[in-house]
Amino acid sequence: MTEADLIEQSRRGQPDAWEALTRTYQETVFRLAYLLLGDPDDAQDVTQDTFVRAYFALKRFDARRPLRPWLLRIASNLARNRRRSLGRYFTQLQRFAREPQPEAAPVGSDDSESLWQAVRRLRPEFQQVIYLRFFLSLSEAEMADALDVAAGTVKSRLHRALAALRAVILRDYPHLEGTFES
């Protein structure tokens, strides 16, 4: 059964079809949410919200297009909104305590952890393209769909993100130098 068939059956209210689609993409959606948020509980909430919103918007989805980029766009938007909300919450907490938050502790020697921490220092839109391309292995076309931008925008954003990541690595994680050779 094709993805388009499962989408059509889901639109007709067949729960087994939607469950099959959810099982297919749940891990990918969760991974993106976790990468963007850094917290498994928040990522799980975003994952659930993504599938609920997608289900109710399924009638408007063009079944000729792949489902994964659409789901990732929903998850990305929900994660961004959650991060904004959390940011406002922490800012208010900071004001209340009248103490600045301490800098993040330096990471350990594990290269993958260091790389993840280096990516986390980038602007959110740069983090997003790096996660989609290198952590989730999306093509540029899939990234354009997931981000709802033109393919040229994906290319330029990815180029700028990698340049920013190189600068962070050179400055703060010199042991990772050479990780992103192009």
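Predicted model: local features only at pLDDT ≥ 70, side-chain atom pairs only at ≥ 80, totals over all residues.
Helix H2 spans residues 15–37 and helix H3 spans residues 40–57, and the two pack with their axes 8 Å apart at an angle of about 140 degrees. Because angles over 145 degrees would count as roughly antiparallel and those from 65 to 115 as roughly perpendicular, this angle makes H2 oblique to H3. On the H2 side, the contact is made by Trp-18, Thr-22, Tyr-25, Gln-26, Val-29, Phe-30, Ala-33, Tyr-34 and Leu-37, while H3 contributes Pro-40, Asp-42, Ala-43, Gln-44, Val-46, Thr-47, Thr-50, Phe-51, Ala-54 and Tyr-55. By residue class, this contact divides into 13 nonpolar residues, five polar ones and one that is charged.

The chain as a whole has eight helices and zero strands, so that its pattern, read along the sequence, is α-α-α-α-α-α-α-α. Of its 182 residues, 38% are buried, and among contacts between residues at least 6 apart in sequence, 62% join residues at least 24 apart.

In soluble globular proteins, nonpolar side chains tend to be buried together. Here the largest nonpolar core holds 53 residues, of which Leu-67, Trp-70, Leu-71, Leu-72, Leu-132 and Leu-165 touch the most other members. At least two residues of this core are supplied by each of H1 (3–11), H2, H3, H4 (67–97), H5 (111–120), H6 (124–135), H7 (140–147) and H8 (151–172), and the largest share, eleven residues, comes from H2.

Two residues show how such contacts reach across the sequence. Leu-67, when its neighbours within four places in sequence are left aside, is in contact with Glu-3, Ile-7, Leu-21, Tyr-25 and Phe-61; of these partners, Tyr-25 also belongs to the contact of H2 with H3. The second residue, Thr-28, lies in helix H2, and it counts as buried because its relative accessibility of 16% falls under the 20% cut-off. Not counting residues up to four places away in sequence, Thr-28 touches Arg-68, Leu-72 and Leu-136, and Leu-72 is itself among the residues that touch the most other members of the largest nonpolar core.

Key
Residues numbered from 1 in each chain as written. Heavy atoms only, no water. Axes fitted to C-alpha atoms, helices over the stretch in contact; angles between N-to-C directions. Helix = DSSP H or I, 4+ residues; strand = E, 2+ residues; numbered from the N terminus. Parallel < 35°, antiparallel > 145°, perpendicular 65-115°, else oblique. Contact = heavy atoms within 4.5 Å. Nonpolar A, V, L, I, M, F, W, Y, C, P; charged D, E, K, R; others polar. Buried < 20%, exposed > 50% of the residue type's maximum accessible area, 1.4 Å probe, protein only. Core = buried A, V, L, I, M, F, W, Y, C linked by side-chain atoms within 4.5 Å.
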